[in-house]
Number of protein chains: 2
Amino acid sequence: MGCAPRPGPVLVNPLGKQQCPGSGAGKLRGYGHEQCGEGTVSDPRSPSRLDPEIAARLKRDAAGLVPAVAQQYDTGEVLMVGWMDDEALHRTLTTGRCTYWSRSRQEYWVKGETSGHTQQVKSVALDCDGDTLLVKVDQAGGACHTGDRTCFDAAPLPAVVVVVSG
Amino acid sequence: MGCAPRPGPVLVNPLGKQQCPGSGAGKLRGYGHEQCGEGTVSDPRSPSRLDPEIAARLKRDAAGLVPAVAQQYDTGEVLMVGWMDDEALHRTLTTGRCTYWSRSRQEYWVKGETSGHTQQVKSVALDCDGDTLLVKVDQAGGACHTGDRTCFDAAPLPAVVVVVSG
């Protein structure tokens with residue numbers, strides 16, 4: 001499992017526009033892993049070129065988004081949860097790189113575009129009721145903006161664990 | 001990994017009320033894994049007895065909810081994504097059984113309470129920005145209402161996978 005930045009593939013912008021890695025990075029808003037401003041692309045959110053058959057299966061929230069769970073494809077680590085609208089899903093499906101919608105910055109966010117902590121897509125699945133995505137990826141370096149491998153490493157909560165005997 | 005229903009622990013209702021497994025199951029609303037009506041408990045959502053220190057760290061959506069990723073603790077399978085409010089998280093942390101808030105039925109939902117497809121809590125973690133939970137569980141049987149092991153088994157999406165040479 002490679003934790004160092006590695007050479008990435010050439011990204012194809014499905015909208016045919018020039019991508020601007022790091023655009024918007026100078027003025028950060030929001031919090032958490034959406035805060036790093038890496039690889040944001042401020043294209044308009046619609047219209048999306050997402051396959052209409054896939055779009056018809058999506059059940060979006062009031063903001064037009066679905067949560068996307070990013071999981072390391074070989075170790076099974078749950079790395080982070082981001083949000084995708086139709087266009088972010090389209091880009092994720094067609095570029096091989098995970099692209100999210102940043103709710104705090106209201107921008108597309110190509111994970112790792114400037115930090116090098118990219119997520120190369122291995123597979124994408126929609127859940128049974130169409131309102132959640134599971135994206136299996138190969139994560140370079142840490143997925144979390146804190147430097148942690150996953151966004152869940154730092155804050156375990158105290159939980160009762162019931163042991164069933166017999 | 002046990003796929004058959006197994007004897008469960010005695011549940012303690014943190015609100016001190018009698019739980020009514022199966023209540024509300026006769027009149028189903030919504031869709032997907034929230035549709036089965038298993039183990040719903042129609043207690044009021046507030047006030048919650050969630051530890052105030054944990055509550056202060058939660059960043060909830062407009063409906064007062066955070067997504068909770070349920071992952072099989074030993075195999076790493078991402079089983080499903082449910083939603084928790086403060087009280088559902090409190091019950092999950094204190095009873096050893098995953099409890100969600102059903103957005104479609106507007107009820108608490110003790111996973112597996114009637115189907116036997118319980119989720120025994122192994123650990124719970126909050127993510128770096130406090131808006132997502134990762135619950136590692138021991139899932140009995142299938143997590144999905146369709147009978148599938150996970151809610152992501154049936155709907156893979158076609159994705160470009162970029163292979164980096166060298």
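Two strands are taken to pair if DSSP finds at least two bridges between them, and strands (E, at least two residues) and helices (H or I, at least four residues) are DSSP runs numbered from the N terminus. The structure is a predicted model, in which local features need pLDDT of at least 70 and side-chain atom pairs count only at pLDDT 80 or more, whereas totals for chains, interfaces and linings use all residues. Residues are numbered from 1 along each chain as its sequence is written, chains are lettered from A and ligands numbered from 1 in the order in which they are written, and side-chain values use heavy atoms, with hydrogens and water left out.

Chain A comprises 2 helices and 8 strands, which follow one another along the sequence in the pattern β-α-β-β-α-β-β-β-β-β. Of its 166 residues, 54% count as buried, that is, under 20% relative accessible area, with exposed meaning over 50% and partly exposed in between (1.4 Å probe, protein chains only).

The two chains contribute to an open sheet of 5 strands with mixed pairing, in the order β8(A)-β6(B)-β7(B)-β2(B)-β3(B). Its edge strands, each pairing on one side only, are β8 (156-157) of chain A and β3 (78-84) of chain B. Across the chain boundary, β8(A) pairs in the antiparallel sense with strand β6 (residues 119-126) of chain B over 2 bridges, and Leu157(A) stands opposite Val124(B) in β6(B).

When the copies are superposed by least squares on the C-alpha atoms of residues with pLDDT of at least 70 in both, chain B can be laid on chain A with an RMSD of 0.0 Å by a turn of 180° and a shift of 0.0 Å along the axis. That is the relation of a two-fold axis. Among the residues of chain B, Gly76(B) comes closest to the rotation axis, its C-alpha lying at 2.4 Å.

With contact defined as heavy atoms within 4.5 Å, 48 residues of chain B are in contact with 47 residues of chain A. The buried area, which is the accessible area (1.4 Å probe) that two parts lose on being put together, summed over both, is about 4,100 Å² between chain B and chain A, and carbon and sulfur atoms give 67% of it. In chain B, Cys128(B), Phe152(B) and Leu157(B) lose the most area to chain A, together 16% of what that side buries. Because 98% of the interface residues of chain B are also interface residues in chain A, the copies meet through the same surface.

A nonpolar core is a set of buried Ala, Val, Leu, Ile, Met, Phe, Trp, Tyr and Cys residues joined through side-chain atoms within 4.5 Å. The largest such core has 62 residues, and those with the most contacts inside it are Leu89(A), Leu133(A), Leu89(B) and Leu133(B). A second, separate core of 12 residues includes Ala125(A), Phe152(A), Val81(B) and Ala125(B). Leu89(A) is also one of the buried residues of α2(A); this helix (residues 86-95) is mostly covered, with 9 of its 10 residues buried. Asp85(A) caps the N-terminal end of α2(A), a side-chain oxygen lying 3.2 Å from the backbone nitrogen of Glu87(A), and just after the helix Gly96(A) takes a positive phi of about 80°.

Asp131(B), in the loop between β6 and β7 (133-139) of chain B, is buried, with a relative accessible area of 8%. A polar contact of 2.8 Å joins the side chains of Asp131(B) and Arg103(A), the term denoting a pair of N or O atoms within 3.5 Å; within protein, one must be able to donate a hydrogen and the other to accept it, and residues adjacent in sequence count only if both atoms are side-chain atoms.
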